[in-house]
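Welcome, and please take a moment with the sequence and the 3D view. The briefing below walks through a few topics, one at a time.

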Amino acid sequence: MFMFEKAIVGSRRYWVWVACLLGLIVAGLLAYLRQLSYGLGITGLSRDVTWGLYIAQFTFLVGVAASAVMVVLPYYLHNFKVFGKVTILGEMLAISAVTMCMLFILVDMGQPARVWNVVLHPTPNSIMFWDMISLGGYLILNAIIALVTLRAERNAVAPPGWVKPLILLSIPWAISIHTVTAFLYSGLPGRPFWLTAVMAPRFLASAFSSGPALLILLCMIMRRVTWFDVGREPIQKLGLIVTYAMVVNVFLVLMELFTTFYSGIPEHRRHFEFLFVGYQGQAQLVPWMWTSVGLAVLALLLLLVPRYRHNDRLLAVACVATFISLWIDKGLGLIVGGFVPTPLGTVAQYFPTLLETLITLGVWAFGLLLITIFYKITLSVREALAY
Amino acid sequence: MSMDRKTFLKLGGCGLAAAVAGNKLAGLVQIAGGQSAPGEKTLRASRWAMVIDTRKCQRADGCDACIRACHEAHNVPSIPDPRREIKWAWKDRFEHAFPELETSPLPGDVRERQVLLLCNHCANPPCVRVCPTRATWKRQSDGIVMMDWHRCIGCRYCVAACPYGSRSFNWFDPRPYIRNMHAEYPTRTRGVVEKCTFCEERLAEGRLPACVEACPEKALVFGDAADPNSEVSQLLREQFALRRKPELGTEPQVFYLL
């Protein structure tokens with residue numbers, strides 16, 4: 001079923017890797033059982049910082065999921081053949097990322113057993129309602145598309161005609177998932193840090209650089225540890241996409257900084273001060289944010305100079321730098337920075353706890369396990385075709 | 001606990017008398033779907049509002065009768081860790097209540113005043129707008145921002161949306177922290193959000209909110225802002241009143257006299 005049988009045969013190295021992931025998943029599960037019985041009090045969250053690591057991972061991973069469109073769009077809309085071998089890998093990355101997003105939402109809920117209430121009492125005025133629809137729809141779309149196109153590839157036939165409209169639909173749908181996720185934040189009157197129209201475009205730009213950067217790294221890893229080589233050209237084209245998106249992302253961040261600091265409105269300024277220099281003596285995120293800035297500068301340097309970008313090793317460094325920089329920016333700064341200073345002008349601290357970190361790692365491990373299984377199946381199909 | 005014997009007896013007596021009267025006249029409060037069933041004695045209004053006179057509310061002994069009355073009546077736990085506190089009503093510094101006036105010159109002792117804070121029961125509440133399950137909603141009949149903690153999934157979107165910090169989340173089981181359990185009011189479970197409900201369960205029985213009744217200085221005035229003859233409307237016609245963050249368009253229904 002779903003060609004799953006191909007995922008349960010593999011080399012020793014494959015099984016060691018799967019066992020490591022399973023170990024992390026079990027650790028995360030045990031930590032989550034503790035959270036279920038005690039409550040979210042096991043996390044570092046508080047009255048003032050009510051969302052943290054979980055929601056930040058969710059936000060970051062929605063971007064990774066949306067970025068599949070960066071391979072789907074050139075391949076299917078522009079018939080860009082170079083992406084023929086990576087398109088399905090992008091879609092599978094999207095499936096894994098959306099699954100992680102849903103798990104992160106679930107572990108962040110105070111009453112996870114009541115999650116069905118969102119469906120029982122549909123509330124169109126809540127952006128969370130639309131986020132559920134867009135994420136759920138995106139998951140289903142990509143699952144169908146990936147399965148059908150992989151089956152067609154296995155049987156060496158063209159994918160059935162009915163799947164083309166679904167693929168076309170998945171393109172605007174990918175844009176929608178990250179736009180709606182940005183609206184979760186940018187529509188709140190009492191949170192000046194998030195109250196910016198540039199939030200959704202910025203989300204998309206950072207997604208379209210961090211997602212393809214991850215895809216490049218995954219392709220490079222596959223080249224190392226498997227027989228499969230996606231080839232130089234798709235990686236270089238993805239590198240170009242990372243470059244453009246990263247430039248746009250940094251540009252939008254600078255727009256944000258200009259508006260905030262030239263207008264000088266204290267309520268807006270203070271959040272950036274908290275993140276980059278500290279506010280009222282609280283500077284817990286300052287080293288992180290400057291690391292993010294440093295990595296972004298390094299990434300831009302390596303990406304913008306063609307000589308560096310064309311070098312696979314340097315491109316890999318650029319992709320790692322891009323990914324970590326944007327993970328810090330979205331995974332730490334965006335959420336905590338929106339809560340501090342509080343609407344009452346006070347500062348609060350947030351440090352994730354060990355259990356919270358284990359749960360987070362567990363969800364990531366589950367996502368990586370999905371990617372591993374999906375890529376294993378794909379590679380097995382292609383290996384069978386090659387001989 | 002800072003409560004002298006006299007206040008304790010007074011409060012206890014009031015509570016007991018009220019409980020007995022309540023039981024006799026209206027039976028136990030029936031809270032279903034997050035709200036109490038109205039009866040003959042129910043106090044009604046088109047738009048409930050509160051006026052807080054910060055001048056009267058400045059007793060030298062640091063009076064907190066309103067907060068204690070509220071928290072006792074609603075089984076609000078006393079959690080020592082301020083990061084995990086549950087607060088339906090609390091006092092805070094003037095500049096925290098009105099951060100936009102932080103650098104403005106203010107007359108007299110205004111800046112030193114402690115200000116009573118609670119849910120503003122906004123006419124245009126952002127918390128209600130964002131709730132994905134309608135576990136919090138604006139009651140059309142009287143404008144109270146209601147809360148059904150049996151439906152709440154604990155996503156805390158409303159906490160992020162509230163510009164006033166008026167919502168509390170139960171980070172763990174609150175019951176061990178409740179000092180005097182009142183059987184007639186429900187307790188909450190871990191993982192749900194709660195807040196002030198303008199004592200809708202007392203209004204249903206014909207009683208004023210617990211904080212209003214408990215204030216020894218009569219600094220809290222509660223009434224129908226839509227009725228021009230109510231005391232609330234009269235006060236707001238005669239005196240200049242502040243609302244918290246009016247620029248956000250939430251239209252708070254709690255007014256502060258300076």
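**A sheet in chain B**

In β12(B), B:Val254 is the bridge partner of B:Met50. Please keep in mind that this is a predicted model, where local features need pLDDT of at least 70, side-chain atom pairs count only at pLDDT 80 or more, and totals for chains, interfaces and linings use all residues. Residues are numbered from 1 along each chain as its sequence is written, chains are lettered from A and ligands numbered from 1 in the order in which they are written, and side-chain values use heavy atoms, with hydrogens and water left out.

Strands here (E, at least two residues) and helices (H or I, at least four) are DSSP runs, numbered from the N terminus. Two strands pair if DSSP finds at least two bridges between them.

- Four strands of chain B make an open sheet in the order β10-β3-β12-β11, with mixed pairing.
- The edge strands are β10 and β11 (241-242) of chain B, each of which pairs on one side only.
- β3(B) pairs with β10 (residues 220-224) of chain B in the antiparallel sense over 5 bridges, and B:Ala49 stands opposite B:Gly223 there.
- With β12 (residues 254-257) of chain B, β3(B) pairs in the parallel sense over 4 bridges.
- β11(B) and β12(B) run antiparallel, joined by 2 bridges, with B:Leu242 opposite B:Tyr256.
- Strand β3 (residues 48-53) of chain B is mostly covered, as 6 of its 6 residues are buried (under 20% relative accessible area; exposed is over 50% and partly exposed in between, with a 1.4 Å probe and protein chains only).
- B:Trp48, B:Met50 and B:Ile52 point one way from β3(B), while B:Ala49, B:Val51 and B:Asp53 point the other way.

**Where chains A and B meet**

- The contact (heavy atoms within 4.5 Å) takes 42 residues from chain A and 51 residues from chain B.
- Chain A and chain B bury about 3,700 Å² between them, 50% of it on carbon and sulfur atoms; buried area is the accessible area (1.4 Å probe) that two parts lose on being put together, summed over both.
- Between chain A and chain B the count is 2 salt bridges (a side-chain nitrogen of Lys or Arg within 4 Å of a carboxyl oxygen of Asp or Glu).
- In one of them, A:Arg270 pairs with B:Glu102, with the closest N and O atoms 3.6 Å apart.
- A:Arg270 lies in helix α10 of chain A and B:Glu102 in the loop between α3 (94-97) and β5 (114-118) of chain B, so the pair joins two chains.
- A:Arg270 counts as buried at 17% relative accessibility, whereas B:Glu102 is partly exposed at 32%.

**Salt bridges within a chain**

- Over all chains, the count comes to 23 salt bridges.
- A:Arg382 forms a salt bridge with A:Glu153, the closest N and O atoms being 2.6 Å apart.
- Because A:Arg382 lies in helix α14 (residues 354-386) of chain A and A:Glu153 in helix α6 of chain A, this pair ties together parts that are 229 residues apart in sequence.
- A:Arg382 is buried at 6% relative accessible area, and A:Glu153 is partly exposed at 24%.
- In chain B, B:Arg68 forms a salt bridge with B:Asp64, the closest N and O atoms being 3.4 Å apart.

**A buried serine**

- A:Ser96 is found in helix α4 (residues 87-108) of chain A and is buried, with a relative accessible area of 0%.
- A:Ser96 touches A:Gly367, A:Leu370, A:Ile371 and A:Phe374, not counting residues up to four places away in sequence.
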